[in-house]
Structures are given as structure tokens and as C-alpha cells.
Amino acid sequence: MASPREPEPPSETRRSSDAAAYWRANTRLIAVLLLIWATVSYGCGILFIEWLNRFSIGQLPLGFWFAQQGSIYVFVVLIFVYAFAMDRLDRRYGVEE
Amino acid sequence: MSALASLPVQASGMDPTMMWTSIFVGVTFTVYLYIGWRNRVTETRGFYVAGRGVPAIANGAATAADWMSAASFISMAGLISFMGSDGSIYLMGWTGGYVLLALLLAPYLRKFGKYTVPEFVGERYYSETARVVAAICAIFVSLTYVVGQMKGVGIVFSRFLEIDMWQGVVVGMVIVAFFAVVGGMKGITWTQVAQYGVLIVAFLIPAIAISAELTGHAIPHIGLTASDIAQKLNAIQTDLGFAKYTEPFASKSRADVLAITFALMVGTAGLPHVIVRFYTVKSVRAARYSAGWALLFIAILYTTAPALAVFARYNLLDSLHEAEITSVETIEIEGEASELYHLARPDGAGGSTPIEWATNWQRTGLISFHDVNGDGRIQLDNVDGHFAEATIDRDIIVLSTPEVARLAPWVIALVAAGGLAAALSTAAGLLLVISSSFAHDLYIHFVDPDATEAQRVRVGRIMIVLAIIVTGWFAIHPPGFVAQVVAFAFGLAAASFFPVILLGIFDSRTNREGAISGMIVGLAFTASYILGNKWDIMFAIERPADWVAPWFARPWFFKISPEGIGTFGCLLNFIVTFTVSRLTPPPPAEIRRFVEDLRVPRAAE
């Protein structure tokens, strides 16, 4: 998972640059997660589905499994990963509620 | 085919299915009314955003019930069953949008902390025009969508309890009216939590039973993956002359599958009744987790449905193909004489077992047979994409499963209660959006900005009642376009709300001029494409055979079907908004501060 290497917690004088760093770390995390999102759905489930169907998971063609099962599992995991990662990021930058 | 016939009824006496259905519907409706009463509200915050006190996990369940409609519950598994691999457009399309919602929209809209989506658009783009355009879009999208829900309530009532459809619609309207008017968003939220419980149990029990029977695994997902059921289905499909079930792009092109999946995902993330659910949680952090819970709860149904689709289709083909016709009688279905086939399955030892569910369901008109070649057996071979000697409505996949799996009558009744829960929960969420757009964004804002709390809530309640009456009228007298609205609702949400909200948060340079022109271009393109492709169906006008105007011909844009055009409307909106914003003056300084504030969870001192 993306581990942002940003400077340590904010001081009063550097608030706006810290806000910018927080936002950069957030958008970088979003980009990584959306890349995975697109890969499992549009990649595995649509673009490369025939190729993946040459393999199988259990007794089901793998591409079909991604299109109707696997991609949805990954979606759920992605959202929780984002929520956990943002908890850490919020604390690191001291912006939690 | 009409879906209004009643459920199979046994020969005499009080039918146990109807008795159980009456009990379940009575009990669940009483619970919904009680919850609505317990959560009655008196102030705007309670009425529109449930006082922002909804825990993340409860909001997740409420969002799931809000999202999963009568169509998700009753029709989706059947739809997939008839589409095979390409059914993934609905599975991925209607779940993948939650990732976009959780990462790109929900936390920031929660931080914004007002009541409606048009309100956000209006404030971010410092424009009353933008707010009005957004409010009208929200009303249009939600109104078209809710009509289908009310109709779903009527269908379930008429099919399971044998009362007229209009009476079913009226009962549904009264129930929703009560808990929505009394409880507002708070009442709706906690009712939806209960409704999620009912609908998921009702969906899972038959799926588990049929999985255990056909694959030996009680968990449908494992039955689908670990057993050879899909291979056996593929073999039957090939024998009958159909494409293999797991073969992709048998019914739609790859480009179309891509476009539809993306349009449904982005449309999901842009639907106002989904977005507004995230206004009700306690914090930005809760909004993030809440999206995860919502998708988890949705995924339980959405990953079971494709397994059910495979099981049901296998069972249908395996038991009906080459079934023997033991006798044929003439019965009356909706005033028309039709043939009722009694079928039996040869058991290989000279005897045969009657297929009772097939006999029962013919009475509903959802399945019918015709022994075209007169050989005394039913063949299901592929003739021009249809079964040779059977006509099967896709709704039968979910509705007949309990009987196919030989479950008790109370399970069938539970399915009825589940279908009603799905329809009522979605209808309530949509009605609140319609009410808040009228009351909060249009009436209070423009007509009576100095209204007191009590007046605001009263206007909201009146608007809900009006919306329910309008909806009920449309549900009983559906205009021709209702069946086509799914393409519209998602296409318009994808082409209008999603890009404008996303850029509003992630690009502080986006200004009023950009947002308004982007929305107009996206909407005009998407609406005209859908209308151009479907106007004859929508308005029941016959298309002239020699029609040549290219714009209104069948899918002219790379053969993308109308369901998928929202993808291009959305991209067009992004391009126009981005470009126009850079060519016109930047937004005022306070808007830049507004955006900076949105991006940080902690409230500014």
C-alpha cells in the first residue's frame, strides 16, 4: 500500500504547506487505489477476460470469476483500505475530527 | 409478458403461501410504521439529514437498502441468467461506483455539511442558476426512478396477495408516506436498516437452499466456484445451440460492455439519493467507513445473484429440456384461454417424476410452453436467440427458486416481504430527495428564505406528500417511457452531477462558467442520444421505416447502446468544464478557501 513519506506533524507556521502535503498524500493514495479498481474491473473483468478465462479458479473460468465475483470483493476491500489509511494520514497531519 | 398474475394457488382452502405472506407483510409493515413513529422529528436537521447522528454501520445498511431496488431484488439475477457473462455490466457497474463515491465524493460532501446535493453545487459554483439546474436534475432523476419502485410494490402485492395492482400501490404509498412524513430522513434511515435485514434474509435463504441442492455447498459463492455447475451449464448451453454461459461478449460488444459498466459506475456515484445518505453520518471519518459498510452489505446480494443465476438456469434447462408432456389442459390467464402443460421428467427406470413448479408457474403467465413439433416433449434449443418451445420471463429466476428448491410456503412469503422491503426502502430515499429539492432548494431558498424551523419542516412534509401522490398516479397510469428510465437516470447522473461535484472538490480552478456549460453540454448530449435512440418506444410512436436522419437512427455513436452513453456524456462534461474554466476568470478567493476547507476533515477554527 502507498505509504506517504511526508514531514512530521504540523506546526502553526507551516499550516498551509502541510495542508498541501496532506492533500498530495491523499490524492496519491486515491490514484493507487483507483488504479487497482480499474485493473480488476476494466482489466480483468473486460479487457483481458478471454485471456484470463484460460485459467480457472476452482472450476470456474478466472476471467468470468473476476467479472462476476472477484472485482466486487476487491471493491469492498479498497474502500476499507482507504478508510484505514486515511485514519493514519489524518493523525499524522493532525487534521482528524 | 404481463407480470401481474397471481402466485400459484393450491386447489382449495386457505392457501398457506398467502396466509404466510399476509402474516409477513403485516408484521414487517407494522415494524416499519413503529420505527417511523419512534424516530419522528421536529427540526430541519432531523428531517433532511437525520440530525447527522447515524452510526457508520447503520448508514451502510440504510444505504444498501436505499440502493437495492425492487429490480435488484426481483429482476437482476434473472437478467444475468439470460445474459451470461455479460451480466457483469450490472454486477460491476452497480457496485464499482461505491469506490468512486468513497474515495472521491462522500467524505468531502459530508465535510460540506449542508442538506442537499444542489445546495453543494450552488455554493461551490456561487451560482443560483447552477443550483436550480441541479435541483431540476435531481427531481427528474429521482421522480422517474421512484415510479418504478411504486409499480414494484403494486406488482408484489398483486402477485402474492391477489389484490389489484392499484390497491397495492395505494397501500405502499400510505406506508411510505407515514414513516417519511413523520420521521423524515431519520425515520427513513432506521426503517431502511430494518428493511435491509428483511430483504437480505429473504434473498439468501432460497439461494442457499438451491446451492446446497445443486452443488452440495451451502454457501452459493463456494458452490459456484468449487463445483462443476458452470461447466455442466456450459455443456448444456452448447448442446442447445447457445453460446457458453461463461463466454464473454456473446450479447454485447466489448466496447459496449466497457461503456455501460463505466456509465453505471459513474451514474451510481452521481445519484442524489445515494450521495445524500452520506450527509447523515457523524463525521468525515464515518462517511468513509460508511461507504465500505454500504458496499459490503450490497456485495452480499450482488455476489450471490450471479451464483443464483447460474444455478437457476442450469436447473431450468436440465429439468425442462426433453421433459415429457403428460397432459395438456386449457386454462384462463387474464381472460385469455391458454394451454397448461403438465410436464414430467423421465427417471430412467421407466417411470417419471412430475415437475410441479413448472405447472404452477404457468398459471402466472411467467412461463409458457408450446409443443411446436408435436413430439410430446419440450425442446429448449436455440431458435433465433429464443427457446424453441418455451417462453420464460426472467423474473421467474428469483421468484420460483423457493419452489424449485422445494422450500416451505413461508419462504415464498418471505421473498414477497423482501421484494416489498427493497421497493419501499428505495422509494422512501428517492421521495426525500424530491421533497428536499423542492422544499429546500427551490421553495425555501427562493420564495421564503426567512422561514422558521417549524415552517421548513412543514414545507418538506407537504412536498413529500405531493411527491407520493404524483408518484402513485404515475405508477398506476405509467407513461410509456417508464421502462426506459434506468438509462436516463444513470446517464443523466453520470453526465451532470458526477463531473461537476468531482471537479468542485479536486480542482479549485473550476469556476461557475465551466460548471454550468459542462452540465448543459453533458446533459444535452446524453439526453438527446437516449431520446434519439428510444423516442419511438418512449412515446409509443411508430418509427417510419424510411427514417434516415442519422442522429435519430439506432445507436450511431460507435454502436454504443443508450445505457452506455452516459460514459461519453460524462467525459464531454469533464472536457468542457475544464476548458471553459481555464478560459474564463478564476473563482473568487472565498471559493478557493471553501475548497481548501472541504479537503481537511477537521473543522476550521
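**View 1. B:Ala589 counts as partly exposed, at 47% relative accessibility.** Partly exposed here is the range between buried, under 20% relative accessible area, and exposed, over 50% (1.4 Å probe, protein chains only). B:Ala589 sits in helix H23 of chain B, residues 589-598; helices are DSSP runs of H or I with at least four residues, numbered from the N terminus. Between B:Ala589 and B:His221 there are 53 Å in space, C-alpha to C-alpha, and 368 residues in sequence.

A quick word on what you're looking at: this is a predicted model, where local features need pLDDT of at least 70 and side-chain atom pairs count only at pLDDT 80 or more, while totals for chains, interfaces and linings use all residues. Residues are numbered from 1 along each chain as its sequence is written, chains are lettered from A and ligands numbered from 1 in the order in which they are written, and side-chain values use heavy atoms, with hydrogens and water left out.

**View 2. Here chain B meets chain A.** Chain B brings 55 residues to the contact and chain A brings 46, contact meaning heavy atoms within 4.5 Å. About 4,400 Å² is buried between the two chains, with 68% of it from carbon and sulfur atoms; buried area is the accessible area (1.4 Å probe) that two parts lose on being put together, summed over both. The rule finds three salt bridges across this interface, each a side-chain nitrogen of Lys or Arg within 4 Å of a carboxyl oxygen of Asp or Glu. B:Arg285 makes a salt bridge with A:Asp87, with the closest N and O atoms 2.9 Å apart. On the side of chain B that touches chain A, H13(B) gives the most, with 13 residues.

**View 3. B:Thr225 is buried, with a relative accessible area of 12%.** You'll find B:Thr225 in helix H9 of chain B. A polar atom of the B:Thr225 side chain lies 2.8 Å from the backbone oxygen of B:His221. Leaving out residues up to four places away in sequence, B:Thr225 touches A:Ile57, A:Gly58, A:Gln59, A:Leu60 and A:Trp65.

**View 4. A nonpolar patch lies on the surface, formed by B:Met19, B:Trp20, B:Ile23, B:Val27, B:Val31 and B:Trp410.** Together these residues have about 490 Å² of accessible area, by the Shrake-Rupley method with a 1.4 Å probe, where for residues only the protein chains shown count as cover. Patch residues have over 30% relative accessible area and no salt bridge; nonpolar side chains (Val, Leu, Ile, Met, Phe, Trp, Tyr) are joined within 5 Å, and like charges within 9 Å. Helix H1 of chain B, residues 16-38, supplies the largest share, five residues. B:Ile23 is in helix H1 and is partly exposed, at 38% relative accessible area.

Conventions: Helices (H or I, at least four residues) and strands (E, at least two) are DSSP runs, numbered from the N terminus. A polar contact is a pair of N or O atoms within 3.5 Å; within protein, one must be able to donate a hydrogen and the other to accept it, and residues adjacent in sequence count only if both atoms are side-chain atoms.
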